Amino acid sequence: TDSLQPIVIDLTPNSPSDWKIVLVTTGADVCPSSSTSQTFSTKFIEKPLVSNCPEETKAGIVIDNKTLLEIKPVDSSIVIDLLNRTQKLYATAIKSIDDFINGNANDALEKLFLSLMQQTADMIMEFNGNKEIQQQLILLFELQLRLFYNVLACQSNERLKEFNDIINKFFEIISSNLSRLKKEQIEIHDEMKKFLEVYAKRVEKLILLPAHIESVRKELS
């Protein structure tokens with residue numbers, strides 16, 4: 001090779017285990033070639049992928065915030081107000097992202113999320129006759145839900161148990177509002193359904209969350 005790029009061989013359980021690498025250098029015609037070699041053995045050890053929940057969650061929140069900032073609101077004071085409040089919610093969470101993800105900010109969740117979530121859900125129902133406004137409101141509601149779920153995803157079972165009452169209060173309100181939307185045949189976007197599918201696997205070993213997420217997914221199916 002005349003490239004500086006490394007040569008990478010991906011190993012599988014069926015790959016050879018004994019190796020001999022020979023490096024041969026060739027110069028001009030008048031120069032003899034030169035070589036050197038090395039032998040070694042490899043052993044394939046299959047390890048489960050290590051999940052880095054905090055980093056994955058931070059990345060997800062940043063991506064959702066980018067989506068939020070790219071929304072161009074329709075000419076509706078309601079949409080503009082709820083968009084601004086949702087953007088402030090994300091800004092608050094991102095500013096203190098570690099405290100939110102590890103549960104140190106759980107005391108603030110009710111004040112930050114509940115009223116905004118409920119009002120957004122109410123406005124989705126209110127604008128059932130205006131699809132353009134309604135679609136933006138649905139997206140805002142989904143982004144609020146995703147941020148809330150992401151905040152809980154990496155917390156320990158001990159921390160979740162500590163805030164059991166407020167978390168269950170959220171779950172009841174979320175389930176109630178999704179039931180209202182389903183009754184009016186208002187569809188949640190497929191992107192949200194995909195998020196919940198992936199999220200269900202992320203939190204399967206936690207308390208509280210798996211049963212709620214399964215219930216939400218059934219509600220949206």
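Leaving aside neighbours within four places in sequence, which residues is phenylalanine 40 in contact with? Ser17, Asp18, Trp19 and Ile21. Before I go on, a reminder: this is a predicted model.

Let's stay with phenylalanine 40. Its place is in strand E2. One of its contacts is Trp19. Phenylalanine 40 and tryptophan 19 are 21 residues apart in sequence, yet their C-alpha atoms are 5.4 Å apart in space. Phenylalanine 40 has a relative accessible area of 33%, so the residue counts as partly exposed.

Now the strands themselves. E1 covers residues 18-25. E2 covers residues 34-41. The two pair in the antiparallel sense, over eight bridges. Take one example: aspartate 18 has serine 41 in E2 as its bridge partner.

Four residues make the patch: Ile7, Ile9, Leu11 and Phe44. Its area is about 400 Å². Look at isoleucine 9. You will find isoleucine 9 in the segment before E1. The relative accessible area of isoleucine 9 is 53%, and exposed means over 50%, so this residue counts as exposed.

On to the disulfide. The structure holds one. The partners are cysteine 53 and cysteine 154, with sulfur atoms 2.0 Å apart. This pair links distant parts of the chain. Cysteine 53 sits in helix H1, and cysteine 154 sits in the loop between H5 and helix H6, which spans 157-162. That is 101 residues apart. Which hand does the disulfide have? The torsion about the S-S bond is about -90°, so the disulfide is left-handed.

How covered are the two cysteines? The cut-off for buried is under 20% relative accessible area. Cysteine 53 comes in at 18%, so cysteine 53 counts as buried. Cysteine 154 comes in at 22%, so cysteine 154 is partly exposed.

While we are at helix H1, look at threonine 57. Threonine 57 is found in that helix. Its relative accessibility is 0%, so threonine 57 counts as buried. What does threonine 57 touch, not counting residues up to four places away in sequence? The list is Ile101, Asn150, Ala153, Cys154 and Arg202. Note Cys154 in that list. Cysteine 154 is also the disulfide partner of cysteine 53.

Now the charges. How many salt bridges does a search of the whole structure find? Nine. I will go through some of them.

Start with aspartate 64 and arginine 146. They form a salt bridge, and their closest N and O atoms are 3.1 Å apart. Again, distant parts of the chain are linked. Aspartate 64 is in helix H1, residues 53-69. Arginine 146 is in helix H5, residues 131-153.

Lysine 169 lies in helix H7, residues 164-183, and glutamate 110 in helix H4, residues 109-126. So the pair ties together parts that are 59 residues apart in sequence. Lysine 169 has 37% relative accessibility, so this residue counts as partly exposed. Glutamate 110 has 34%, so glutamate 110 counts as partly exposed.

Aspartate 122 is in helix H4 and arginine 180 in helix H7, 58 residues apart. Aspartate 122 has a relative accessible area of 30%, so aspartate 122 is partly exposed. Arginine 180 stands at 28%, so arginine 180 also counts as partly exposed.

One more item on charges. Glu55, Lys58 and Asp98 are linked in a network of salt bridges.

To recap. E1 and E2 pair in the antiparallel sense. The disulfide joins cysteine 53 and cysteine 154. Over to you for discussion.

Methods:
Residues numbered from 1 in each chain as written. Predicted model: local features only at pLDDT ≥ 70, side-chain atom pairs only at ≥ 80, totals over all residues. Heavy atoms only, no water. Buried < 20%, exposed > 50% of the residue type's maximum accessible area, 1.4 Å probe, protein only. Helix = DSSP H or I, 4+ residues; strand = E, 2+ residues; numbered from the N terminus. Pairing = 2+ DSSP bridges. Salt bridge = Lys/Arg side-chain N within 4 Å of Asp/Glu carboxyl O. Contact = heavy atoms within 4.5 Å. Patch = residues over 30% accessible without salt bridge, like charges linked within 9 Å, V, L, I, M, F, W, Y side chains within 5 Å. Areas by Shrake-Rupley, 256 points an atom, 1.4 Å probe, with all protein chains shown as cover. Disulfide = S-S within 2.5 Å.
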